[in-house]
Amino acid sequence: MPTKKALVRHPGPRLAEGLVTHVEREEVDVELAVGQWEAYVEALRGHGWETVEVEPADDCPDAVFVEDTVVVYRNVALITRPGARSRRGETAGVEQAVARLGCSVNWVWEPGTLDGGDVLKVGDTVYVGRGGRTNAAGVRQLRAVFEPLGARVVTVPVSKVLHLKSAVTALPDGTVIGHIPKVDTPSLYPRFLPVPEESGAHVVLLGGDRLLMAASAPKTAELLGDLGFEPVVVDIGEFEKLEGCVTCLSVRLRELYA
């Protein structure tokens, strides 16, 4: 049976100091962000997901973006080596969490860098964004861990956004969606659907036809609703100021051994 567990990590007190790369810095209301995070977690739970809270990393402003610290394929976890040096302290607590859940644990080693937000899984195809935070050595190490398990690893360029999943995610049927101005090469994906808003490119598959989406993408929610999907909308505006999206606030674990 598929599992429905999601790793999450509470926003830390230094959240407002988080890194920004492709956007202008805006003031972040930490108290409001905590409320938005709680609503996000409740949306996961309300759709059948068991949330597993990772040990806080309060000295790391970006630690709430837990997706960047680990990539899981089947029952194997690859602990990343984030491209931003200030984020490397975030991985220890995540390593402990996935080990407790029974994952086989591997690591990205120097000189490799890899952010989980650069990894998009569509069935057994694993797209890896090669850009500012993930380097070629990181891609090679991911390939060495996951290809023996049956993954097909495809490297794609990322230059217009922070991470690959800042540009594209995938629908339950495997169609990749993205906002054209932010996608380097849409033709790399066998099925690609353009969406009208940048934040509309970010969906979390909750199960069935349900899609967790940001409130900042109403036109995309309407489009996907018209296509037969069921948008579940959450406000994550404070995290969007830090280039965050619905995917990076959790790690969804669907294939753990019973």
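Reader: Which strands form the open sheet, and in what order?

Author: Good place to start! In this predicted model, local features need pLDDT of at least 70, side-chain atom pairs count only at pLDDT 80 or more, and totals for chains, interfaces and linings use all residues. Residues are numbered from 1 along each chain as its sequence is written, and side-chain values use heavy atoms, with hydrogens and water left out. Strands (E, at least two residues) and helices (H or I, at least four) are DSSP runs numbered from the N terminus, and two strands pair if DSSP finds at least two bridges between them. Here, three strands make an open sheet in the order β3-β4-β5, with mixed pairing. β3 (70–73) and β5 (104–107) are the edge strands, each pairing on one side only.

Reader: How many bridges join β4 to β5?

Author: Four bridges link β4 (residues 76–79) to β5, and the two run parallel. Within that pairing, valine 76 has serine 104 of β5 as its bridge partner.

Reader: Which helix packs on this sheet?

Author: For contact, look for heavy atoms within 4.5 Å; for directions, axes are lines fitted to C-alpha atoms, for helices over the stretch in contact, and angles run from 0 to 180 degrees between N-to-C directions. By these criteria α3 packs on the sheet, touching β3, β4 and β5, and its direction makes about 165° with that of β4.

Reader: What joins β7 to β8?

Author: Six bridges do, between β7 (residues 125–130) and β8 (residues 152–157), which run parallel. A crossover is called right-handed if, with the strands pointing away from the viewer, the path from the first strand over the helix to the second runs clockwise. The chain goes from β7 through α3 (residues 136–146) to β8, and this β-α-β crossover is right-handed.

Reader: Where is the hairpin?

Author: β6 and β7 form it, with two residues between them, and glycine 123 in the turn has a positive phi of about 60°. The two strands pair in the antiparallel sense over four bridges.

Reader: Which residues of α1 are buried?

Author: An α-helix has 3.6 residues a turn, so residues three or four places apart point the same way. Buried means under 20% relative accessible area, exposed over 50%, partly exposed in between (1.4 Å probe, protein chains only). The buried residues of α1 include Ala33, Trp37, Tyr40 and Leu44.

Reader: What span should α1 have?

Author: Expect 1.5 Å times one less than the number of residues. The 17 residues of α1 (residues 30–46) should therefore span 24 Å, and the end C-alpha atoms are 24 Å apart, which agrees.
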